[in-house]
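Here is a short briefing for a first look at this structure. Keep the sequence and the 3D view side by side as you read.

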Amino acid sequence: MIDIIINEWRMFLRDKLFVFSTVFFTFSLLVVVFLGTIQNRKQQNYRIEAQEHVRNQWESLEAMNPHSAAHYGSYAFKPLSVLNSMDSGVNDLTGNVIKLEGHVQNEIVYSEVSQALSVSKFGKLKSSLILQYVIPLFLIFLAYGTLSSEKETQRIKLLVFQGVSITKLTFAKSLSIWIYGFLLLLITVVFQSLVNAIDLELSLRLMLIIVSYGFYYYIISSVATYFSATLKNNTSALSSILAIWIMWTIFLPKIWGNTVEKIHPLPSRQNFKSNMKEDRSKGIDGHNPRDKRREDLKEKILAEYGVDSLKNLPINFDGIVMQKDEEYGDKVWDKHFGSNYNILSKQKFLYQLSGFLNPFASLQSASMGFCGTDMIHHLDFLRKSEDYRRNLIKTLNDAHAYGGSKTGDWGWTVDNDFFKSVEGFTYVTPKIKEKIKYYFIDFSALLFWGIFITALIRFRINKNLVL
Amino acid sequence: MNTYFEIFKSELTHLVRSPFKLVSQSLFVFALIYGCQNGLDLFNKQTKEISIIKNKNKESVQKMILQYEAIENGTQEKPRRDPTSPYWAIWNTPSHAFKYPSSMMVFSLGQSEQYGYYKRVTNWSSTFDSDLAEEIANPERLAIGTLDFNFVFTYLSPILIIILLFNIGGLERDLKFANLIYLQSISKRSLLFLRFLFYFVLVVLILFILLFFYALVADVFKNEFFNLISLFSSIILYLLFWFTAFYFINYYGRGSSDNAIKMISLWLALCIVIPGIVHQVTAIIYPVNYMTDYLDVSREQRGKIFDLSSDSLEVELVDEFPWLKNTLYAADSTINSSIVNRSVSGLVNILNKNVASKIETSNEDKNKFIKKLNIINPVTAFQNHINALASTDYYAYLHFRNHIQSIIDKKIRLILEDTWNKVLVSKDTYIEYVNKFQ
């Protein structure tokens, strides 16, 4: 088998078009990785500037009532992972800025796509675009004639008479094409590692990317070779494999992507907001002193401190009310945002299942996931920014309640040192080992396809079928 | 004429005998229907949502009218937010801005999923408020892209054409009898042209039948007749573009496989690679705007206005709105901080407008750059052209933002005018307000 692979490669290298294409692809991939890195860094610098700008404003706050500071709030700017330069996933579509303030869990806003005319339906030219669309197509071009040409020229009969196993021949041809795709993938990943500071975590992610793409290339080259072996001529082989490629990459992802949203529909914004508002109004309104729950809380606190009126309390009851209100609000946000996240997870799972029909869906999902740019990572950012908001508002409400002021003293302030002591928002992309469970299904689908196509070649290809 | 008919007839036979081509066509038709249906669903959903909001607004107006009647009869005391003051009366005047979906949306969802299409407008609103965010959607689905008519036509029709055409002329070369055909009384050019014409007519027919059907369903003929005609002609031009390119590929091609490889490579370059390059270069030159200028206005600069004393605010207000000098309050020499405070949103609005204009200018620079590259990126240009026809492109939403701003301005003017003229709002005045914002 190795001899056949070496022979195939000799043939490839004799073909000027192949050599030219290889040089072209290698050069394109290097340029694309380089441009992707530049764009990523530039955007990341802007983000850091924005985050620092907001932090400086916070640290420069003059003496202020803590509740006013809760309304002033802060902002979290969505950071980019290093591998965003390879596959930007959902990042161009999702918002980039989220306001963190009292009384409300906001949504992330100001997406890149909303800031200009639509440009590309398939995303920016990052290495993932070439690795997902262009290289597989090139592998198809290399593979479609690999056995059908041998049949058309009758050379295959010669090979069979010399004792070459048809199955081995098919595998060898398929592997020689796969090696080509894999080499281009390796070049991309190695260059990606060279132009970026790579740590253990990123290396692990890149390894997983290599495995996913490696599997996909194996599937593509094997399917193309299989068609080449079984169909009567080059044209039939090419048209069939192109039809499959179109179905996998263009047709099915969109059809199924749209369908899963119909199977598990998300609420409309209007309903989402009004349901939250309704649930929220059932609780303590920090600004509404007539609320019954406020009265209950008042009785409880007065009893706890053994006093008969709010003015005798050694603490500021307003701060306690507001914190309780926040905690009630948190339950409401958790219910409604949680329900949305749950629907999104169901949609994702259902979409991932389509990988068993369409390995491209698994590749796309795995690629985004391992680059840290998919919905799972996006939701992780939203959850962590919300955790920060809750912590921030609790700190401010606690200062209001226990910082030394009395109930009703809205003029009481905390100084600048207090604001400086409140930690800013930082976000670190989660470790892949924490998230890997979400991608088992993608791996399983790719593995399934790998085994399926191997079995197909092993058991379906025989002399009768090929000759 | 007879020759033409014979060629068309033989091409039809060729098509009918090719299951691969028939299946591809069926899939294409299925995708078109699915895409149009998606568009129709969103159109209906948005129309319904707008109507729900309008009904809610009507209910809220009725409640307010009852409240006025109760106050005027003396059966109810004025609440803390006194509706007889112009400020709270106008605050309670429902004034939603809507971007009514065009019925052409059936054919292109465009960027409609990236923007909100309704907004409750108050005197404190701005055109970049977070409640103007897009509908809740799965970001991965958005990244994969929505299957609408525009996508199917722009990206998949060239693929269908490739499938239909790659062996036209190529097959004869593959089987080495091409020269035999050209020995007969027809030139290679004419034969290829006529065979291409057959498929051109076929694709146009498929598209037009579906367009016609969905145009009827969505009332496009009634509402958007000229845009529909424009869509029809754009479709013809776009198809001509691809047919011409593929004609030359087939004419000079060396066989079916060679044709297919060249055609699919051209599709890949025009539909994926070039738009991807333009997108990436645009992102490098014009990175994402984190909107810090706007955030500064909404917190820092707004805060500075709130810190000003009533007399400084009054001076600023008269400076910005000179017509206030002719109001009742301006004739008073005493400062009424309540009137001044209720007018502050006028100053904040000016800040908002200034920063919005800066943001829109920077977005426009980005758009100009994208449009400049249309010459090498015709597919994106075409896609945006269809989006524009369906009012789902960036500019349709820019227009919506401008509409929102005009409502904010109107609200503020009314608040200032009536507050400074010390108008006492009655039920009738409130109804007048409601009518002004309908």
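Of the 15 residues of α1(B), the number buried is zero, so this helix lies largely in the open. A residue is buried if 20 or more other C-beta atoms lie within 10 Å of its own, exposed if 12 or fewer, and partly exposed in between, with C-beta atoms placed from the backbone. This is a predicted model, in which local features need pLDDT of at least 70, side-chain atom pairs count only at pLDDT 80 or more, and totals for chains, interfaces and linings use all residues. Residues are numbered from 1 along each chain as its sequence is written, while chains are lettered from A and ligands numbered from 1 in the order in which they are written.

- Helix α1 covers residues 2-16 of chain B. Helices (H or I, at least four residues) and strands (E, at least two) are DSSP runs, numbered from the N terminus.
- The end C-alpha atoms of α1(B) are 21 Å apart, which agrees with the 21 Å that its 15 residues should span at 1.5 Å a residue. The expected span is 1.5 Å times one less than the number of residues.
- α5(B) is mostly covered, with 17 of its 17 residues buried.
- Helix α5 (residues 149-165) of chain B bends by about 45 degrees at L156(B). The bend is the angle between axes fitted to the seven residues ending at a residue and the seven starting there.
- A proline, P158(B), follows the bend within four residues.

**The sheet of chain A**

- Three strands of chain A form an open sheet in the order β1-β2-β3, with antiparallel pairing. β1 (74-77) and β3 (104-105) of chain A stand at the edges with a single partner strand each, so one side of each has no neighbour in the sheet.
- Two strands pair if DSSP finds at least two bridges between them.
- Four bridges join β1(A) to β2 (residues 97-101) of chain A in the antiparallel sense.
- Across this pairing, F77(A) stands opposite V97(A). A76(A) has I98(A) as its bridge partner, and Y75(A) has K99(A).
- In a regular strand the side chains alternate between the two faces of the sheet.
- In β1(A), S74(A) and A76(A) point one way, Y75(A) and F77(A) point the other way, and all are buried.
- Four of the five residues of β2(A) are buried, so β2(A) is largely enclosed by the rest of the structure.
- β2(A) and β3(A) pair over two bridges, again antiparallel. L100(A) has Q105(A) as its bridge partner in β3(A).
- The hairpin of β2(A) and β3(A) has two residues between the strands, and H103(A) takes a positive phi near 75 degrees there.
- Helix α14 (residues 375-402) of chain A lies across β1, β2 and β3 of chain A, at about 25 degrees to β2(A). Axes are lines fitted to C-alpha atoms, for helices over the stretch in contact, and angles run from 0 to 180 degrees between N-to-C directions.

**Where the chains meet**

- 75 residues of chain A are in contact with 70 residues of chain B. Contact means that the C-beta atoms of two residues, placed from the backbone, lie within 7 Å.
- The largest share of the side of chain A that touches chain B, 15 residues, comes from α9(A).
- L137(A) lies in helix α4 of chain A. This residue counts as buried because it has 21 C-beta neighbours inside 10 Å.
- Leaving aside neighbours within four places in sequence, L137(A) is in contact with W245(A), I264(B) and L268(B).

**An exposed lysine**

- K433(A) sits in helix α16 (residues 432-435) of chain A. With 9 C-beta neighbours inside 10 Å, K433(A) counts as exposed.
- The C-alpha atoms of K433(A) and S405(A) are separated by 47 Å, and the two are 28 residues apart along the chain.

**Confidence**

- pLDDT is the predictor's confidence in each residue, from 0 to 100.
- Chain A has a mean pLDDT of 90, with 97% of its residues at 70 or more. Chain B averages 90, with 98% scoring at least 70.
- The predictor gives the complex an ipTM of 0.87 and a pTM of 0.90.
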